[in-house]
Amino acid sequence: MRTILRTIDSINEWVGRRLKWLVLFIVLVVCSEVVMRYVFNSPTSQLPVIQTWSGTALYSLAFGYVLLHKSHVRVDVIYARLSTRVKAIVDVILWFVFFLPSIGFLGYAGYNWMIHAWRAGERSQITYWYPPMAPIRTIVFIGLVLFLLQGVATVYRDLHMAIKNRPLEEEKTL
């Protein structure tokens, strides 16, 4: 099981570290559109779509990385004062109450949107450029899958902490 958990962690770590280049790309696209629009008075129809879809890819692919590093938003007023074991218990309960139903619904919807986009040859109607929707819908679905996998790895570790009151990584491997 540890091998599976390490594999999930390493995939999300690898994806997350590569996303810094996507941030740089987005900055270049935004700056290019600003120059085209305000300096040359010649805005494009492609760059705003590329900017939006790059941002969509960035956010959806970063979900798992953020969860891996426990960088998501929390209300720490109470949570920070809890013991590690109680935090793990709270995290497990909230995982089943909020995370699993939410990611289940989003994953189901994302899968259906992705399949529809590929089968129907769906195209964006935002501009006359009409770019295909299937690639961005696929990226969003992949991001949701990575998020779900990281969530499973996280809840497994939290369950271990809640039951045994020590991190999984401290257990001796046989």
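In this predicted model, helix H2 (residues 46-68) packs against helix H5 (residues 134-164) with their axes 7 Å apart and at an angle of about 10 degrees. H2 and H5 are therefore roughly parallel to each other (an angle under 35 degrees). Helices are DSSP runs of H or I with at least four residues, numbered from the N terminus; axes are lines fitted to C-alpha atoms over the stretch in contact, and angles run from 0 to 180 degrees between N-to-C directions.

Contact (heavy atoms within 4.5 Å) involves residues of H2 including Trp53, Phe63 and Leu68, and residues of H5 including Ile136, Phe147 and Thr154. By class, this contact has 13 nonpolar, seven polar and no charged residues. Ala, Val, Leu, Ile, Met, Phe, Trp, Tyr, Cys and Pro count as nonpolar, Asp, Glu, Lys and Arg as charged, and the others, Gly among them, as polar.

| Pocket | Volume | Lining by class |
|---|---|---|
| Largest | about 450 Å³ | 12 nonpolar, two polar, four charged residues |

Leu67, His72, Arg74, Asp91 and Leu94 lie nearest the centre of the largest pocket, and H4 gives the largest share of its lining, six residues. In the second largest pocket, Lys70, Thr154, Arg157, Asp158 and Glu169 lie nearest the centre, while H5 provides the largest share of the lining, five residues.

Residues are numbered from 1 along each chain as its sequence is written. Local features need pLDDT of at least 70, side-chain atom pairs count only at pLDDT 80 or more, and totals for chains, interfaces and linings use all residues, while side-chain values use heavy atoms, with hydrogens and water left out.

A pocket is an open set of points on a 1 Å grid over the protein atoms alone, where a 1.4 Å probe fits, with protein on both sides within 12 Å along at least five of seven lines; lining residues have an atom within 4 Å of a point. Grid points are joined across faces, edges and corners, and a volume is the space filled by probe spheres set on the points.

Note on methods:
Helix = DSSP H or I, 4+ residues; strand = E, 2+ residues; numbered from the N terminus. Parallel < 35°, antiparallel > 145°, perpendicular 65-115°, else oblique.
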